[in-house]
Amino acid sequence: MSSVNLSQPTSRNIRSSILSPGKVSREEAEEAVRTMILWLGDDPLREGLLDTPARVVRAFEEWFSGYRLKPEEILSMTFEEVEGYAEPVTLRGIQFESYCEHHMAPIIGVVHISYIPDRKVVGLSKLARIVDLYAKRLQVQEKLTAQIANTVQAVLNPKGVAVMISAEHQCMSTRGVLKHGVDTITTQYTGEFSLDKSRQSQFVKLVTSGISR
Ligand SMILES: Nc1nc2c(ncn2[C@@H]2O[C@H](COP(=O)(O)OP(=O)(O)OP(=O)(O)O)[C@@H](O)[C@H]2O)c(=O)[nH]1
Ligand SMILES: [Zn+2]
């Protein structure tokens with residue numbers, strides 16, 4: 001059984017946390033969850049909820065693990081000499097879960113990424129890791145799309161990058177306007193994908209066509 005301290009956070013410790021983001025202790029985060037449970041009208045001391053603050057904090061560590069990762073480290077392993085391959089490499093349908101920065105509600109969808117190698121290629125899984133690095137943060141979809149494309153461009157330096165995201169925002173489907181089944185689609189292009197419209201349409205056709213394995 002964990003011991004429970006129901007003291008309210010003071011304006012002093014909230015202010016000091018804002019001044020040094022990331023410096024909030026695990027105990028303070030668990031305390032915030034207890035405050036939310038109380039505010040909802042439930043009893044954080046009842047048996048079923050005693051361990052909930054610790055579980056919620058552990059879950060948040062997974063959902064927001066992207067803040068602790070560095071893109072340069074993920075994309076540092078590249079392969080040169082790919083036997084003359086010079087056309088786009090495309091990963092279609094990378095599933096992701098993110099959280100909107102306005103409501104902290106899930107954004108669930110898929111990312112499609114394509115890049116045109118300039119001698120270097122990167123391990124395919126590393127592109128999916130870059131998706132998670134930015135998805136597992138508080139986000140807006142437009143920023144997520146741009147961050148993925150611009151990071152792959154900056155770190156790998158290919159001839160061009162294309163990113164398309166299609167996602168449902170639960171802040172629109174489970175609350176507020178209550179519209180289910182809306183796909184929000186965003187795209188970001190760099191290099192040849194930005195300059196050459198035929199590259200763009202080739203990418204869009206590839207990721208939206210019905211090819212299967
Ligand atoms: N552009 C953009 N908007 C988003 C994203 N995620 C959520 N939103 C929107 O952010 C807006 C926040 O609007 P507010 O009026 O401040 O919040 P609200 O009163 O909760 O708004 P409603 O959702 O309309 O009830 C809403 O229109 C959301 O649909 C995103 O990734 N991109
Ligand atoms: Zn939202």
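Student: At what angle do helix H2 and helix H3 pack, and how far apart are their axes?
Tutor: H2 (residues 26-40) and H3 (residues 52-63) pack at about 115°, with axes 8 Å apart. Helices are DSSP runs of H or I, at least four residues, strands are runs of E, at least two, and both are numbered from the N terminus. Axes are lines fitted to C-alpha atoms, for helices over the stretch in contact, and angles between N-to-C directions run from 0 to 180 degrees. Mind you, this is a predicted model: local features need pLDDT of at least 70, side-chain atom pairs count only at pLDDT 80 or more, and totals for chains, interfaces and linings use all residues. Residues are numbered from 1 along each chain as its sequence is written, while chains are lettered from A and ligands numbered from 1 in the order in which they are written.

Student: Is the crossing of H2 and H3 left-handed or right-handed?
Tutor: Right-handed. In H2 the contact involves Arg26, Ala29, Glu30, Val33, Arg34 and Ile37, and in H3 Thr52, Pro53, Ala54, Val56 and Val57. Contact means C-beta atoms, placed from the backbone, within 7 Å.

Student: What makes H5 and H6 oblique?
Tutor: H5 (residues 124-135) meets H6 at about 140°. Under 35 degrees is roughly parallel, over 145 roughly antiparallel, 65 to 115 roughly perpendicular, and the rest oblique. The pair is therefore oblique. Their axes are 10 Å apart, and this crossing is right-handed.

Student: Which residues of H5 and H6 meet?
Tutor: Leu127, Ile130, Val131, Tyr134 and Ala135 in H5 face Leu144, Gln147, Ile148, Thr151 and Val152 in H6. They split into 8 nonpolar, 2 polar and no charged. Ala, Val, Leu, Ile, Met, Phe, Trp, Tyr, Cys and Pro count as nonpolar, Asp, Glu, Lys and Arg as charged, and the others, Gly among them, as polar.

Student: Which residues surround ligand 1?
Tutor: Cys100, His102, Val140, Gln141, Glu142, His169, Cys171, Met172, Gly176 and Val177. To be near the ligand, a residue needs its C-beta atom, placed from the backbone, within 6 Å. H6 (141-156) and H7 (170-173) each supply at least two of the shell residues.

Student: Which residues does UniProt list for "binding site"?
Tutor: Its unreviewed entry lists Cys100, His103 and Cys171. They spread over 72 residues of sequence, yet they cluster in space, with a largest C-alpha distance of 7.8 Å. UniProt positions follow the numbering used here, feature names are shortened, and annotations may be inferred rather than shown by experiment.

Notes
A crossing is left-handed if the near helix is turned anticlockwise from the far one by less than a right angle, and right-handed if clockwise. Two residues are in contact if their C-beta atoms, placed from the backbone, lie within 7 Å.
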